[in-house]
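Let's take a look at how the parts of one chain sit against each other. Have the structure open while you read.

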Amino acid sequence: MKVLLLGLGRANLNVARYLIERGDDIYLYEENLNGLSKESKLLIDSGRIKEYEDINYDLVICSPGFPDSKPIIHNLRARGLDIIDETEFTYNNLCAPSIIAVTGTNGKSTTAALISAILNKAGIRNFLGGNIAPGTPFSTVLFEKPYDYYIIEMSSFQLMRIKKFKPRVAVLTNITVDHLNWHQDLNEYINAKKRIFMNQTTEDFAILNYDDEKIRSMAKEINARSVFFGIHCHNGSWLNGMLHFQNDRIIHTDEIKLLGLHNRMNVLAAIAVARVLNISNEDIRTGIKDFKPLPHRLEDMGVINGIRYINNSMSTNEASAIASFQAVSGNKVVIVGGRAKGDRCEDYLKLLTDKAKAVIILGENAGEIAEFFDNRQYKNYAIVRDMDEAIASARKFACEGDIIMLNPGFASFGHFRDFQERGEAFKNGVLKH
């Protein structure tokens with residue numbers, strides 16, 4: 001079989017290894033050879049992968065972040081070739097896997113990790129991976145013994161290219177504006193998220209955010225059994241001081257280490273998943289109680305010289321930035337900025353002018369943010385060149401008892417490779433000064 005790989009990043013690396021073991025002819029189209037990992041470069045140097053040729057392929061497997069706007073995608077589709085990604089390929093090469101798939105604009109990583117933690121408490125062997133970062137590509141399981149459940153975080157990019165992928169349980173946490181630099185418009189983005197349900201049957205479950213009208217209305221369109229979660233939901237998992245499922249009390253909010261109402265919603269979604277899998281309330285409660293925030297998601301670094309530091313580098317869109325800012329009480333000096341993804345985040349920036357003690361701007365859109373502040377006569381801001389300068393500047397505004405919070409609201413690209421590198425730069429900068 002002739003297989004073309006579009007990109008050889010971490011997702012497609014295991015796919016390439018699997019195809020080599022299977023004896024397929026593998027070709028590679030890669031636009032950033034210098035940016036590949038050492039492992040990917042070694043595989044190319046082994047001679048087992050050929051350079052891209054304009055021939056007929058039996059299968060095309062695309063890296064998740066490879067956008068449809070690329071000319072090669074148009075060329076391949078014009079020739080009638082289907083294009084899938086690593087998630088679909090892995091699913092097709094496992095034996096009837098039990099999938100729990102989680103998507104949404106925000107909260108999907110925390111929700112997926114919470115589900116895994118609960119399953120671990122219940123003694124259920126599970127794999128946690130996919131789009132989650134830091135995490136493991138789904139294709140890793142091609143070389144491992146079967147799991148009871150595969151918990152997969154999925155991006156809209158991955159969902160655009162599924163064909164047969166069918167989760168036993170599919171979760172949609174929320175939908176807000178994001179990735180409009182990748183999708184044609186918001187409608188395409190919503191439809192991409194909705195594809196997580198497209199192959200489900202009445203034997204499967206759809207876990208839906210009742211408080212999001214766009215998501216609640218999807219229950220009429222999908223075949224799976226709908227189970228809701230939300231603040232205003234009393235038929236599923238819901239919140240009233242205690243987190244409930246139907247009439248059962250599961251856990252009190254005081255026992256949860258995660259900050260903010262948005263994280264309560266993530267916990268409610270995880271509870272709904274656990275209950276449809278018939279996991280006991282005690283295992284659910286223990287799994288949630290012991291769960292700690294993932295790195296770069298409202299990660300509390302503690303108090304240093306009287307100032308509290310919070311790393312929320314994962315905040316790359318407006319809804320996440322607003323929810324995270326509101327989750328933290330106290331006077332806040334906030335580090336913002338980066339690269340816009342089709343949204344200027346004006347509601348978030350307005351919130352900062354009203355509520356932030358000061359704002360430090362770091363990123364390629366610094367000029368736009370500064371102009372917005374100037375137009376609102378907000379003067380407590382500074383523009384900086386790097387993270388070390390951002391931290392030093394933030395300390396000049398902060399007093400004892402204040403909070404310095406990395407809560408960007410924009411993508412990390414430009415100054416950093418990804419949100420993880422940005423978060424680590426913040427953490428390292430805090431600790432070395």
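The centres of domain 1 and domain 2, taken over C-alpha atoms, are 29 Å apart. Those two belong to a chain split into domain 1 (2-84), domain 2 (88-290) and domain 3 (299-432), with bounds that come from an automatic or database domain assignment. Keep in mind that this is a predicted model, where local features need pLDDT of at least 70, side-chain atom pairs count only at pLDDT 80 or more, and totals for chains, interfaces and linings use all residues. Residues are numbered from 1 along each chain as its sequence is written, and side-chain values use heavy atoms, with hydrogens and water left out.

The size of an interface is often given as the accessible area lost when the parts come together.

| Item, domain 1 with domain 2 | Value |
|---|---|
| Buried area (accessible area, 1.4 Å probe, that two parts lose on being put together, summed over both) | about 1,600 Å² |
| Salt bridges (side-chain nitrogen of Lys or Arg within 4 Å of a carboxyl oxygen of Asp or Glu) | two salt bridges |
| Polar contacts (N or O atoms within 3.5 Å; within protein, one able to donate a hydrogen and the other to accept it; residues adjacent in sequence count only if both atoms are side-chain atoms) | eight residue pairs, both at pLDDT 80 or more |

Which elements give two or more residues to the side of domain 1 that touches domain 2? They are α1 (10-22), β4 (59-62), α3 (71-78) and β5 (83-85); helices (H or I, at least four residues) and strands (E, at least two) are DSSP runs, numbered from the N terminus. Of these, α1 gives the most, with nine residues.

Carbon and sulfur atoms give 59% of the area buried between domain 1 and domain 2. In domain 1, Arg10, Tyr18 and Ile84 lose the most area to domain 2, together 38% of what that side buries.

**A closer look at tyrosine 29**

Tyrosine 29 sits in strand β2 (residues 25-29). Is tyrosine 29 buried or partly exposed? It counts as partly exposed because its relative accessibility is 22%, and that class lies between buried (under 20% relative accessible area) and exposed (over 50%), with a 1.4 Å probe and protein chains only. Its side chain makes a polar contact of 3.0 Å with the side chain of glutamate 31. Beyond its neighbours within four places in sequence, tyrosine 29 is in contact (heavy atoms within 4.5 Å) with residues including Leu4, Tyr52, Phe66 and Ile72.
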